[in-house]
Amino acid sequence: MRVGLIGGTAFGHFEGAPMTVHTPWGGAQVWEGKLGGREVVFLSRHGAGHKLPPHRINYRANVDALARAGAERVLAVNTVGSLKRELVPGSLAVCRDYIDLSARPGTFFDDEVVHVDQTEPYCPEVRGALRGAVGAGWATGAPLDVVYACTQGPRLETPAEIRMLAQHADVVGMTGYPEVALARERGLCYGAVCVVSNLAAGLQERLTAREVGEATRAAQQRLAKALEQAVAALPEKRGCACKDSLKDARLA
Ligand code: HPA
């Protein structure tokens, strides 16, 4: 079983030469390597040199490229702002559900009517592996399983937006959607680990991009260790229903 890894602002680099995978949505670069005793395919979400802003990322090419490179399961990393004071910067958490507030193409099926169930949007087996790895040494009592709100960006949110989001979600970021939905459409197992870089707008005095970079660098080692443990802990055979996502998705 091959595992795909999507790195973001945190966990953004992989050693060696990339390979270009061509997809109907464009090309994407991936790196092949080993992690946690398994074959992994790494993809840097923001592209070479971290140049693409969240709204310009080619999510369809990225997810399709990982599938074409043989990944069956995908572990993604998302840098987020926290909507809960107890979820302090530096924390790691695992997505259990999401709210999409972005405005981006979120399907591979533009010419067909396909409605894929999102009752359990993140793969339960990948979540379990991530939860075990992230939860080791967890001490603050903050939520470990979180609801992710995805905004369009690239601007940060207003305090009023954050007050509204905080009633329904735990973290806010700009890149978690549509990866999660696209992965399910492709029948991939997908889980996401969040790196909290800041408290969201209005919960701390001011937000700077520099702070996001600093906090993610500080969490880098813990994150890399957690990902390695999670990859190693994944069951060899997929026992979840992710691969059958299209089974009941077309109107009869
Ligand atoms: N909002 C949206 N995206 C983010 C934030 C935030 O506060 N921090 C890191 N990514």
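In the predicted model, the buried residues of H5 are Gly213, Ala215, Thr216, Ala219, Leu223, Ala226, Leu227, Ala230 and Val231. Helix H5 covers residues 209-233, 25 residues in total. From its first C-alpha to its last, H5 reaches 34 Å. That is close to the 36 Å expected at 1.5 Å a residue.

The largest nonpolar core has 40 residues. Leu66, Tyr122, Tyr148 and Tyr190 have the most contacts inside this core. Both strands and helices contribute. At least two core residues come from each of the strands E3 (26-35), E4 (38-44), E5 (71-82), E6 (92-101), E7 (145-151) and E9 (189-199). Helices H1 (59-68) and H4 (179-185) likewise each supply at least two. Leucine 66 illustrates the packing. With neighbours within four places in sequence left aside, leucine 66 is in contact with Gly4, Ile6, Val30, Val41, Leu43, Ala71 and Val74. Another core, of 30 residues, lies apart from the largest one. Among its members are Ala129, Leu130, Leu227 and Cys242. Leu227 is also one of the buried residues of H5.

Strand E2 (residues 19-23) and E3 are antiparallel and share five bridges. Threonine 23 of this pairing stands opposite glycine 26 in E3. The two strands form a hairpin, with two residues between them. E3 and E4 also run antiparallel, joined by six bridges. Here glycine 33 stands opposite valine 40 in E4. This pair, too, forms a hairpin with two residues between the strands. Glycine 36 lies in that turn and has a positive phi of about 55°.

Arginine 127 is located in helix H2, which spans residues 124-135. Its relative accessible area is 17%, so arginine 127 counts as buried, the cut-off being under 20%. Beyond its neighbours within four places in sequence, the contacts of arginine 127 are Val94, Cys95, Arg96, Glu120, Tyr122 and Asp145. One of these, Tyr122, is among the residues with the most contacts inside the largest core.

Key:
Residues numbered from 1 in each chain as written. Predicted model: local features only at pLDDT ≥ 70, side-chain atom pairs only at ≥ 80, totals over all residues. Heavy atoms only, no water. Helix = DSSP H or I, 4+ residues; strand = E, 2+ residues; numbered from the N terminus. Buried < 20%, exposed > 50% of the residue type's maximum accessible area, 1.4 Å probe, protein only. Contact = heavy atoms within 4.5 Å. Expected span 1.5 Å × (residues − 1). Core = buried A, V, L, I, M, F, W, Y, C linked by side-chain atoms within 4.5 Å. Pairing = 2+ DSSP bridges.
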